[in-house]
Amino acid sequence: MDGFASPLMLGFLGSLAAGLMTAVGALPVLAGREPGRAFRDMSLGFAAGVMLAASFFSLIIPALDAAGQTYGRGAIPALIACVSILIGMAAVHLMNEALPHEHFRMGREGPDAVALRRVWLFIFAITIHNFPEGLAVGVGFGAHGLEGGLPLAIGIGLQNAPEGLAVAVALLGEGYGRARAWVIAALTGLVEPLGGVLGAGLVSISEPLLPWGLAFAAGAMLYVISHEIIPETHRSGHQNKATLGLAVGLVVMLFLDVWLAG
C-alpha cells in the first residue's frame, strides 16, 4: 500500500492521534483559576488510579498475551513479564537516585523542591509509558491494518486524556504557568508517534520485543504510583479525596479497557 493507506503512515497517524489526546486532556488548565492542594491531590489520585488500571489492562495483560503468542502457554511469558516489570521499577529507582536536585529546584528549597522532583518523576514515567503504547498501536496497524490498529489507538487515546490533565495540574500546583504546563503535558504524548512508526515499520522485530517494552513501562508506572504519587497525595491531609480519586480513576480506566476490548 502507498501513501496514507500504508501501514507505516497508518501507524504514524494513529499513534499521533492517540498521543495528541494528552494535549486535549490538558486543555482545561488554560482556563480558570489555579487548583487548590485538595483538588491537585484528588487529581493525582485519579491519575494514579488510571495508571494502576492501565498498567495491568493496557500493559501487563497485553504483554502476557504477546509473549504467549511467541512462546506458547507456560512459564516463559510470565517470566518475561515479571523480569521486565522489575527492570522497569529498577530503572525509575536509579533515575530517582541520580536526578540532580538543582534541575528541578526553580528557586525552591526543602519539601517544595522534593515535591517538584516527584512531579518530574511522574512526568518521566508518563513519557516512557507512552512510547511502548505507540509501539503497540504501530504493531497493530502494521500487522493487521486499520482493523488491528484502530481499537488500540482509541483505547490508548482515551487513556492519555486524564494523564495529560494530571501532568498539567501537577505542574500548576508547583508554580508553572498555564501555557507552559499545557505544553509540557502535550509533549509527553508526542513520543507515541516515534513508537508508532517503529512498530509499523519493523513489525517482525518489534513483535518479539513488544512484551518486554509493555511490561517495562508497567513496572515504571507501578514504581511511581507506590513510591511517589500516593505518598505525595497523602502528605497534606487530603488522603480521603486522593483515595476517592484513585478509586474513580481505576474504575473509569477499567471500564474503558473492558468496553473497548469487548
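A helix, as I use the word here, is a DSSP run of H or I with at least four residues, and a strand is a run of E with at least two. The model I am reading is a predicted one.

**Entry 1: the elements.** I counted the elements and got 8 helices and 0 strands in the chain. Read from the N terminus, the order is α-α-α-α-α-α-α-α.

**Entry 2: the chain as a whole.** I looked up how much of the chain is covered. The chain has 262 residues, and 48% of them count as buried.

**Entry 3: the largest nonpolar core.** Which residues touch the most other members of the largest nonpolar core? I found Met51, Val92 and Leu171, in a core of 42 residues. At least two residues come from each of α2 (37–71), α3 (75–98), α4 (111–173), α5 (178–189) and α7 (203–233). The helix that gives the most is α4, with 14 residues. I also noted a second, separate core, which has 6 residues, among them Leu10, Ala18, Phe141 and Ala153. In soluble globular proteins, nonpolar side chains tend to be buried together.

**Entry 4: Val92.** I went back to one residue of the largest core. Leaving out residues up to four places away in sequence, Val92 touches Leu121, Phe124, Ile128, Ala220, Tyr223 and Val224.

**Entry 5: helix α6.** I listed the buried residues of α6, which spans residues 192–201, and wrote down Glu192, Pro193, Gly195, Gly196, Gly199 and Ala200. Where do the buried residues of α6 fall when seen down its axis? They fall within an arc of 155°, so they line one face of the helix.

**Entry 6: the surface patch.** I turned to the surface and found a nonpolar patch made of Leu79, Val83, Ile87, Leu209 and Trp212. Together these residues have about 450 Å² of accessible area. Both α3 and α7 supply at least two residues of the patch, and α3 gives the most, with 3 residues.

**Entry 7: Trp212.** I finished with one member of the patch. Trp212 lies in helix α7. Is Trp212 buried, partly exposed or exposed? Its relative accessibility is 35%. Buried means under 20% and exposed means over 50%, so Trp212 counts as partly exposed.

Key:
Residues are numbered from 1 along each chain as its sequence is written. This is a predicted model: local features need pLDDT of at least 70, side-chain atom pairs count only at pLDDT 80 or more; totals for chains, interfaces and linings use all residues. Side-chain values use heavy atoms; hydrogens and water are left out. Buried means under 20% relative accessible area, exposed over 50%, partly exposed in between (1.4 Å probe, protein chains only). The arc is that of the directions from the helix axis to the C-beta atoms. A nonpolar core is a set of buried Ala, Val, Leu, Ile, Met, Phe, Trp, Tyr and Cys residues joined through side-chain atoms within 4.5 Å. Contact means heavy atoms within 4.5 Å. Patches are made of residues with over 30% relative accessible area and no salt bridge: like charges are joined within 9 Å, nonpolar side chains (Val, Leu, Ile, Met, Phe, Trp, Tyr) within 5 Å. Accessible areas come from the Shrake-Rupley method with a 1.4 Å probe; for residues, only the protein chains shown count as cover. A salt bridge is a side-chain nitrogen of Lys or Arg within 4 Å of a carboxyl oxygen of Asp or Glu.
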